[in-house]
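Reader: Could you walk me through reading a few features of a protein model?

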Amino acid sequence: MSVIAIPSPTTNLSSVSSGNALELRGVTKLFGALAAISDITMTVRSGERRAVLGSNGAGKTTLFNCVTGDFFPTSGTIRLFGEDVSRFPAYERIRRGLRRTYQISLLFGGLTVSDNVYLACRGVSRGRFSLFRTRASDPVRTRVEELIAAVNLTEATDTLVSELSYGQQRQLEIALALAGAPRLILFDEPAAGLSPTERRELINILTSLPGHIGYVIIEHDMDVALRVAESVTMMHNGRVFKEGTPEEIENDPEVQALYLGHGDE
């Protein structure tokens, strides 16, 4: 599978590439008296591929929701490419290069693959408020074709999303996340419900993304997570439990007892 050229952000990547994409310092989220996550401190470098693992209820999705701005943290600081975004709404974080997929597909089933990707690209383009129909030569149209090819859906370009397989819909979600100039993508269990063949396709897509695009992936499928990540954070009961390389996490006795063995559901 070939790697397409996805445009880098307009900001100076040379100044960003040696820094951090995401910094969490003491992030806590309370729902009443319940601490969904507690004192999370984590650093993700620019271009880094990080997996966040843990059993159900470990706090992974709440962590993502705080990073994206769906929730504001009760306490702590979230910095995105060096900027404190702890109280920024979600759209401001998107403007700064953050993207996210969800556990449940958020697609327009009555539209084609091409239409879904076009809307995503148009939504982050400068001409998004224009009422004029775009021409076939418009750069947005070209980008749509490239993104569809990047997730191996070219043959399904004119297919209604409702007619796609579940795996193809998850591939389409990745194309939507790549719209614009993403610098960091949060993937929320992209392998959930996929067949073995579809999981292999997902691994190929994720490992073929351009190097300047970092991502953090929540995943229950250890085989997928450890193959697409270069670093791993294990969570347990809303806290960071372990951090290390995929090999270190896979071979850690405490991780094996907690997660690879009977687990703690």
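This is a predicted model: local features need pLDDT of at least 70, side-chain atom pairs count only at pLDDT 80 or more; totals for chains, interfaces and linings use all residues.

Reader: Is N65 buried or exposed?

Author: Buried means under 20% relative accessible area, exposed over 50%, partly exposed in between (1.4 Å probe, protein chains only). N65 has 10% relative accessibility, so N65 counts as buried.

Reader: What does N65 touch, not counting residues up to four places away in sequence?

Author: Contact means heavy atoms within 4.5 Å. N65 touches D70, F71 and R100.

Reader: At what angle do helices α4 and α6 pack?

Author: Helices are DSSP runs (H or I, at least four residues), strands likewise (E, at least two), numbered from the N terminus. Axes are lines fitted to C-alpha atoms, for helices over the stretch in contact, and angles run from 0 to 180 degrees between N-to-C directions. Here α4 (residues 113-123) and α6 (residues 166-177) pack at about 25 degrees, with axes 9 Å apart.

Reader: And which strands stand at the edges of the sheet?

Author: Strands pair if DSSP finds at least two bridges between them. The open sheet runs β6-β7-β8-β3-β9-β10, with mixed pairing. Its edges are β6 (98-100) and β10 (239-244), each with a single partner strand, so one side of each lacks a neighbour in the sheet. β10 pairs with β9 (residues 231-236) in the antiparallel sense over 5 bridges.

How values were computed
Residues are numbered from 1 along each chain as its sequence is written. Side-chain values use heavy atoms; hydrogens and water are left out.
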